[in-house]
Amino acid sequence: MGKLIIDGGGKVSGEIRVQGAKNAVLPILAATVMADGVSTLKNCPKLRDVDKTDLVLERLGCKVIREDGAVTVDTRGMCDCKICEDLMREMRSSIIFLGAIISRCKRAVVSMPGGCPIGLRPIDLHLKALKELGVEIQEEHGYIKCAAPKLVGANIHLDFPSVGATENAMLAAVCARGTTTISNAAREPEITDLGNFLNSMGANVHGMGSGVITIHGVEKLHGADHTIMPDRIVAATYLAASAVTGGEMCLTNVNPRDMDAMLYALREMGVKLRVERDKIIQTAPERLKSIHTVRTMPYPGFPTDIQSPFMALACTARGTSVFVENIFENRFQNVDELTRMGADIKTEGRTAVIRGVKRLEGANVVARELRGGASLVIAALAANGTTTVSGVELIDRGYENIEKYLLECGAKIRRE
Ligand code: UD1
C-alpha cells in the first residue's frame, strides 16, 4: 500500500491547472461505444479509474490509444456486450456502460456492481428507467442480463435525481424510437458535458442542467471529438488545501459557474476569492472561520464529494461547524482518522459537529475512500509535524498526481 508523507505547517501557495473531470470522462468514455467509429476525448485526467474504463473498452473489442491527455477510442471492432465481474467489482461506475451497450448491441450483460465503502449504492433507479424504455431485464447468478430488441421513447420519472440513473437513461434513449423525457433528472454539470458529447455524436438531447431532459431518438450516431470539462471537486480540493494553510492559490482551467455552493462556503469561512471566466484566485486568512451548517444535496446544492475535504477545513477553524450528509449514508469514515490527529468531531447518524481546534497533530492515518483520503491530506498540510497517509491508491482514483501539484505549491509531501 502506497503512502503520502506530509510535513505540515507551511503555506501552500501557487498556481494549479485543474485536471479534467473524472465524473464526466467515465460516462463519456462509455458513450463512445454507441457509435461505430472513432472518438477523441481531450483533457482526460490520468487516473486509475480512467485506465480501468479503457480496459473495459478494450475487453469489449474497442481500440484505445492514450496520448498527452487525450484518449482516442475506435469502436469499429467492438465484438462483445458483456462486462465481467472482476471489472464491475473494481469500479462500480462501470454500470454506466449498461445503457451505452444496450443502445449499440440491443443486449448487454453486466455483473452486479459490488458494494461500496461510502454506502449501499443500489441501482434500482437505473433498471427502472431502462425498463421504461423497453429493456427486458433478468437478474441471475449475480449478473444482470438485458435484452432490448426495440428501444422505445418513454416518460421516465426518477424518484431521486440520481446522477448515474440519469446518465444510463440518457444513453439508452438517444437511439430509441420517439421522444423520451426524464423528469427529476440530475442537474450536475457532468450530465451537461455528457449531453453535449452525445449531441456532437449526432444525438438530439435538450434540457441538460434542468430537472427535465428531453431526448428525440435518432437513427444512429457517429464518432466525435470532445474536450472534457474541468473537475470541480478537484478544484475545490486544491482551494481547501491552500486555505487551510493560509496560502494564496490561483486555479486555471476551471469553471467557477459550476462551483457556486463550494465557493459560497469558502467565502463564509473567510477566504477572499476573485473569480474570472476560467480562473479562481484565492487568498486565505491565517485562521479560517467555522461554517454554520453544510448540508449535502444534489446539484446545485453542496456536493457530497467535497463534504469530507471541507470537514478538514472546519477542524482548525475558529468556532463550531455542522455537516449534514444527505446523499450517502457512510461518508464519515474519515472522522476517526481526523480525530487521531486531534480533531474534535462528534457524529450522530448523518450529522457531524466539529469544534475547531487551534492545531492538529501529525499522526499515522489511513485513507478508507477517495474523498475521505483527500480530507486527510488537507488536514496533514495544516498539522504540526509529520503525517503518514496510507491507502493512497484510493486517492489516486480521483486525483492525478496529487503530491506533484501540492509539492509545486510548496507543500512538504512525498510518496513512498
Ligand atoms: C455520482 C458520482 C459520485 C457522486 C454522486 C453524487 C460518478 C462516477 N460518481 O455517483 O462521485 O458522489 O454522483 O453526486 O459520477 N440511488 C438509489 N438507487 C439508484 C441510484 C442511486 O437509491 O438506482 C441513491 C444512492 O444510494 C445515493 C443517491 O441515490 O444515496 C445518489 O446516488 P447517485 O446520484 O446515483 O450517485 P452515483 O451516480 O453513483
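This report looks at the ligand site of a predicted model and then at one residue, Ala236.

## Where the ligand sits

Let's start with the overall placement. The ligand lies between domain 1 (3–18 + 230–415) and domain 2 (22–227), because both domains give residues to the shell around it.

Among the helices, α5 (124–132) and α6 (163–173) each supply at least two residues of that shell. The largest share, three residues, comes from α5.

## Who surrounds the ligand

There are 18 residues around the ligand, and those that come nearest are Asp124, Leu125, Ser162, Asp305 and Ile327.

An oxygen atom of the ligand is 2.6 Å from an N or O atom in the side chain of Ser162. For the side chain of Asn23, the distance from one of its N or O atoms to a ligand oxygen atom is 3.0 Å. Pro122 takes part through its backbone, with a polar atom 3.2 Å from an oxygen atom of the ligand. On its own the ligand has 750 Å² of accessible area, and the protein covers 84% of this.

## A look at Ala236

Now to Ala236, which you will find in helix α8 (residues 232–243). Ala236 has 0% relative accessibility, so it counts as buried.

Which residues does Ala236 contact, leaving aside its neighbours within four places in sequence? They are Met259, Met262, Ile306 and Phe310. Ala165, by comparison, is 71 residues from Ala236 in sequence, and their C-alpha atoms are 25 Å apart in space.

Terms used. Residues are numbered from 1 along each chain as its sequence is written. This is a predicted model: local features need pLDDT of at least 70, side-chain atom pairs count only at pLDDT 80 or more; totals for chains, interfaces and linings use all residues. Side-chain values use heavy atoms; hydrogens and water are left out. Helices (H or I, at least four residues) and strands (E, at least two) are DSSP runs, numbered from the N terminus. Buried means under 20% relative accessible area, exposed over 50%, partly exposed in between (1.4 Å probe, protein chains only). Contact means heavy atoms within 4.5 Å. A residue is near a molecule or strand if one of its heavy atoms lies within 4 Å of it. A polar contact is a pair of N or O atoms within 3.5 Å; within protein, one must be able to donate a hydrogen and the other to accept it, and residues adjacent in sequence count only if both atoms are side-chain atoms. Accessible areas come from the Shrake-Rupley method with a 1.4 Å probe; for residues, only the protein chains shown count as cover. Domain bounds come from an automatic or database domain assignment.
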